[in-house]
Amino acid sequence: MKDSAANMLETASVAMAIVAAVRVRHTLEELTALRRCPGDRFEPAVTASWLKTQDDHSMSTLLAVSAAIRQQGLRGTDFARWGIVTANRFIGRHALLNSIERFSQDGPWGASLHVVPMNSPHSPAGALSLSLGSRGPNLTSGSGLGANAEAFLIAASLMTQHSLPGLWLVLTEWENDRDESDPNDPLRSAVCCATALALRPADTVHQFGCLTVHGPTEESLAQDANDFQSNEAALIDLLTTITAWDDVPLGVEAPLGGGLRLTYRRTNAAE
Amino acid sequence: MSQECEPVWITGVGAVTTFGHTFNAISDGLLSGRSAVKFIESFDVSQHPSQIAAQVTSIPCPVGCDPLEFSQRVPLAQCVEWCCRTALMDAGLWDQRHELRIGLALGLAVEWMQTWEFDRRHGGQRIFHPEQETTSLSRATSRSLGLRGPVLSLSAACASGNHALALGRQWLRMGWVDCCLAGACDMGVTPLSLAGFGNLRALSHRNDEPSSASRPFDRQRDGMVLGEGGAVFVLESERLARRRRAVGRAEVAGFGASSDAFHMVIPGSDPVPGSNAVRAALNDARVTPAEIDYINAHATSTPVGDASETRILQLALGDDLPRVPISSTKSMTGHLLSAASAIEALACVTALSQQAVPATINLDDPDPQCALCHIPNEAQPRRVRVTASNSFGFGGSNTCLVLRAVA
């Protein structure tokens, strides 16, 4: 099968407008306090009883989206048909550690019944879907290394596959994770970070940036070393550029693997 | 025909279940009406409320892998390697894999949970040092197979496999790959998983009758039974498949997805979101409800879920529903969790290739709330041209995948 070259000439690119972008950071102490007393931090409002069993990644996901909604005046937007894609790096590790310990002490009854529904990779996307009343597709990329790049691939695929009016893309990870040298309080310095992007079709009028997933070319395939660790570093730089609202007239680029590339350029939002 | 609308075929299958490690063995198992559910013997279950599962006890080492190294891998990693390699070989693409842009889209919902639990049970410390994790299972597999296309793993809980197949099809249509490995794997019968689901009160307690425990749609159902395994498919465009005279097992004809936005675990009482996913899949495949020849239900044997799915199908198919044969192969394989929809796609491929629909076994007394055209206890020969497979996952994910016979 030697017609890869012919195929590559027909590869599609997927452009998406960015209508909101926010990065938030919360310590574990802050997340715990918000669980007990959410106040007005969540858009739409949620109750403490509902937040009680939500994973820290889910909390961060909801807080980032809430901040994005407020930032860009998206309150009142109908999210009913929006899709949701998340990437939640190593979600569930803390809950699993606790569950393993309780299981060893108390047997099967000690294993948390929340780990599967609430502390698993699908959980933040499901929680966000519930919170916003979004009935479009919701799913999550793999929760390990490379998850961020995978999330962009999924987002681009879903936008075109389902002709979505919009999509929330939320990436979470621990900036400072457990410190095993402090056995009494290993999570003392833990900080959970979340980046939320509200994406809409490329022809959306009110946008401040454009993300494009470019299909592979001969050149990009040849250059693609599939070194996803350096790809992740480039992607983090790109995300930082977006959330810092930096003006980048020439655009910023990050490889996504398989010859695909993600580019970002700032656009002039129409008033 | 534009690339966007080009039909996508399944030309290879690699799979593992308790019925075996080949498509033919698994198909025979599905049509046999046998239960794969047994008492769990691989770890102490004496304190667990549910002590039964359809557990895969061993996975053969694929040709080309080092047997000792393979045996030391986490079971999930063994499953993925077996399914991907054998799928490529089944499609006749093994020797060409370096020449093509082959993508990899895998439903691996709990890769890290299972990896860390396995490692911890064997005295390891990996869970304490995530910073030392340098790759993921999907990427390691892509590298070991020498693939050049994009790679991802995804999770939509039980709907993961359907999403992976849909993504693979989309990548082909966008020209991002020449062909794509797409599917899902889950080796979820572990002490913690069994305990977690047991504490959720989701599992059957028929420990003294394992083979009768998984009984979707039956009035006496009392919960689901966990299962293990995976299925990975080779997807390629019809045009290229015909050019190389590949055998097409089925066309990935349509896909629909939605979310309940109701509850993280319990399906919503409103059938509209689920029926939207079914209708979207049918519209995508350009088939009417009257043209469906078989539905593989999600039906996990839980009291709430099976009735909920019935309402969804009643709304989606209307007057055509009573004549469409429907079965839940979870009655035989158990619930393979994130691999469920992949195995159930395989069941649909079985129906298309064998012109017979698998049964729902243990269906002795159908629940009146699940009034459907059941296939109770024995497979039935049927003309099958179009199948639909539902999968509904935690987090409210609803999906439907339509497969069509290859002309």
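A polar contact is a pair of N or O atoms within 3.5 Å; within protein, one must be able to donate a hydrogen and the other to accept it, and residues adjacent in sequence count only if both atoms are side-chain atoms. By this rule, 18 residue pairs, both at pLDDT 80 or more, are in polar contact between chain A and chain B. This is a predicted model, in which local features need pLDDT of at least 70 and side-chain atom pairs count only at pLDDT 80 or more, while totals for chains, interfaces and linings use all residues. Residues are numbered from 1 along each chain as its sequence is written, chains are lettered from A in the order in which they are written, and side-chain values use heavy atoms, with hydrogens and water left out.

**Extent of the interface**
- Contact (heavy atoms within 4.5 Å) involves 71 residues from chain A and 75 residues from chain B.
- The buried area, meaning the accessible area (1.4 Å probe) that two parts lose on being put together, summed over both, is about 6100 Å², and carbon and sulfur atoms give 64% of this.

**Salt bridges**
- The interface holds 2 salt bridges, defined as a side-chain nitrogen of Lys or Arg within 4 Å of a carboxyl oxygen of Asp or Glu.
- Arg135(A) forms a salt bridge with Asp270(B), with 3.5 Å between the closest N and O atoms.

**Strand pairing**
- Strand S3(A) pairs with strand S5(B), residues 151-155, in the antiparallel sense over 2 bridges; strands are DSSP runs (E, at least two residues), and pairing requires at least two DSSP bridges.
- Ser141(A) stands opposite Leu154(B) in S5(B).

Terms used
Helices (H or I, at least four residues) and strands (E, at least two) are DSSP runs, numbered from the N terminus.
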